[in-house]
Amino acid sequence: MSAKVRVRFAPSPTGPLHIGGVRTALYNYLFARQNGGEMIFRIEDTDTERFVPTAEEYIIESFKWLGITFDEGVSYGGEYGPYRQSERSEIYKKYVDQLLASGHAYVAFDTPEELDAARAAHENFQYDAATRMSMRNSLTLGEEETQRLIAAGTPYTVRFKVVPGEDIHIDDIIRGEVVINSAVLDDKVLYKSTKQLPTYHLANIVDDHLMKISHVIRGEEWLPSAPLHVLLYRALGWQDTMPRFAHLPLLLKPTGNGKLSKRDGDKLGFPVFPLLWTDPKTKATSHGYREDGYLPEAVLNFLALLGWNPGDDQEIMTMEEMISKFDLKKCSKAGAKFDYVKGWWFNREYLLKRPAAEVAPELVSILAEHGVEATEEQAAAVFEMMKTKNIEYVDGQSGQTKKRNVSFVADLWPLCDFFFIAPTEFNREDKFVRKNWTEHSAEDMRQLREILAALPDFDVETQRAAVDAWVAETGVKPWNAWRVCLVGQGKGPDMHELAAFLGREETLRRMDFAIANL
RNA sequence: GGUCCCUUCGUCUAUCGGUUAGGACGAGAGAUUUUCAUUCUCUAAAGAGGGGUUCGAUUCCCCUAGGGACUACCA
């Protein structure tokens, strides 16, 4: 039957991992796991100009946080290494020579300046069958002169010799058959004049072949160069084991036109990178999903549905469910606008499901940032009481203040300050205070105080039983006035839960203070 | 400009020629409520336009429009 499924995610270490790249990696991961295949992590660092030293480590840490694991590759090892293209130059050289020898490629001496001049002189200049015979290359210079120039140390590139006039068919898993005529392709540079390194196209094909990649699942931006890649497989004699292609739709801006960029995130207020990124040169930082309080499972679930849908109505899925349901054929063809508001919703769904004890440490540190010292037990209790509230936020698009549900642990802060900080003054102009602190309130609170003070225990049930009995007997509705005492305004959880959290001493103290000051 | 890809509610999408075009986010309304919420219920909201093919098109084909990508000795 068919060969073992082997896929790869092969980023270029030129900066932080883009969220679109995360989705591409996720789809590769789902596909590999579903098919019992292997997933390879390769670093495509053939661009020495744009190389950023901290990027590789950043990408590795990103996947570690997200929970996407590889079977082979940089930092994972494996028998098809090395997995960094910069360490494979000898390998590429061999295949470049093979292409040169078989006549599928040729040597070109045109300098960047000469190329620029050609492009300036002819509106749609392309280095191809129509123009190559008017350029400075081994085809026009002849073997002898070519060897002389090379021997003299003249910089040269190696270009692929595209034969025009052929329809190249690509059988894309997502898009079906795509046909492109070779005449529109240019003689791509395969090997750069400096550093003895190949370009993406050559390195990619050589590595995918040598690493026995069965499926190339990548972004749509590669679709236009897919025919070139097919031609390369053929020229190298590898057409029989050529991988299957699947070109994924792109992630687009939430508003307006174009693909998703870092600027959109900055403007609208959402991260486009998995982790906080600090540019090593400028020291400028960019938000990360992790630091912004997103749960990795939520990010993955959200991303999975941006361009793929299993066909049922279930949106919240575990990794296992995604793996079993994933289907490249069910990926959409059109780009997806990045709906970050729905991302908040996913995060909320996952946050609500988390055990309070797991959320507690994070909430403790958030409270600490606001000068509040709390135990994990307290934080867990606060989370349970406050996770179903909502908060105000400024909408990135309209600039309006809107409300949304708690989606992040950090959302809890402005909602829960009163658990730890007692009211020190009361705003009589406040609508809630004015409405709920009447002339009877002080007396009601005195009575309630005595009931609470006399309770054998101060747990929620004991309180509720005693207060309900009092309420039934007297008809007094004490809760809102009591809330004024303990909170100072119209927010917070159930009063008994709040009182139990504060403890009897603090509860009575706040009541006494309110009675004396209101 | 050229080449290729794409086009269902505001957004993500379901539909594999016959449906009251479904779900979710977001929006609005109502109910519940011990504040603010949560929750629940309901509502509005879509097949880009024009031609075909067919008994019948959202679905298949063509054209137009619109969107996207690519067009580097970057990936």
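Analyst: Helices (H or I, at least four residues) and strands (E, at least two) are DSSP runs numbered from the N terminus. This is a predicted model, where local features need pLDDT of at least 70, side-chain atom pairs count only at pLDDT 80 or more, and totals for chains, interfaces and linings use all residues. Residues are numbered from 1 along each chain as its sequence is written, and chains are lettered from A, ligands numbered from 1, in the order in which they are written.

User: What makes β4 and β5 a pair?

Analyst: Four bridges join β4 to β5 (residues 157–160), and the rule asks for at least two, so they pair. The two strands run antiparallel, and A105 stands opposite F160 in β5. They belong to an open sheet of three strands in the order β4-β5-β8, with antiparallel pairing. The edge strands, β4 (105–108) and β8 (189–191), each pair on one side only. Ignoring direction, neighbouring strands here are turned by 45° against each other on average; axes are lines fitted to C-alpha atoms, for helices over the stretch in contact, and angles run from 0 to 180 degrees between N-to-C directions.

User: Why do β1 and β3 count as edges of their sheet?

Analyst: That open sheet has three strands in the order β1-β2-β3, paired in parallel. β1 (6–9) and β3 (72–73) each have a single partner strand, so one side of each is left without a neighbour in the sheet. β1 and β2 (residues 38–41) run parallel and are joined by four bridges, with R8 opposite I40 in β2. Helix α1 (residues 19–34) packs on this sheet, touching β1 and β2, and its direction makes about 165° with that of β1.

User: How do you know that α9 is mostly covered?

Analyst: By neighbour counts. A residue is buried if 20 or more other C-beta atoms (placed from the backbone) lie within 10 Å of its own, exposed if 12 or fewer, and partly exposed in between. Eight of the nine residues of α9 (residues 296–304) are buried, among them E297, F302 and A304. The buried residues pack against α1, α2 (55–66), α10 (319–325) and α11.

User: And why is E49 called exposed?

Analyst: E49 has 7 C-beta neighbours inside 10 Å, so it counts as exposed. E49 lies in the loop between β2 and α2, and its C-alpha atom is separated by 9.0 Å from that of T14, 35 residues apart along the chain.

User: How do you know that domain 3 and domain 4 touch?

Analyst: Contact means C-beta atoms, placed from the backbone, within 7 Å, and six residues of domain 3 are in contact with seven of domain 4. Helix α13 (residues 376–386) gives the most to domain 3's side, with three residues. That side divides into six nonpolar, no polar and no charged residues. Nonpolar here means Ala, Val, Leu, Ile, Met, Phe, Trp, Tyr, Cys and Pro; Asp, Glu, Lys and Arg count as charged, and the others, Gly among them, as polar.

Terms used:
Two residues are in contact if their C-beta atoms, placed from the backbone, lie within 7 Å.
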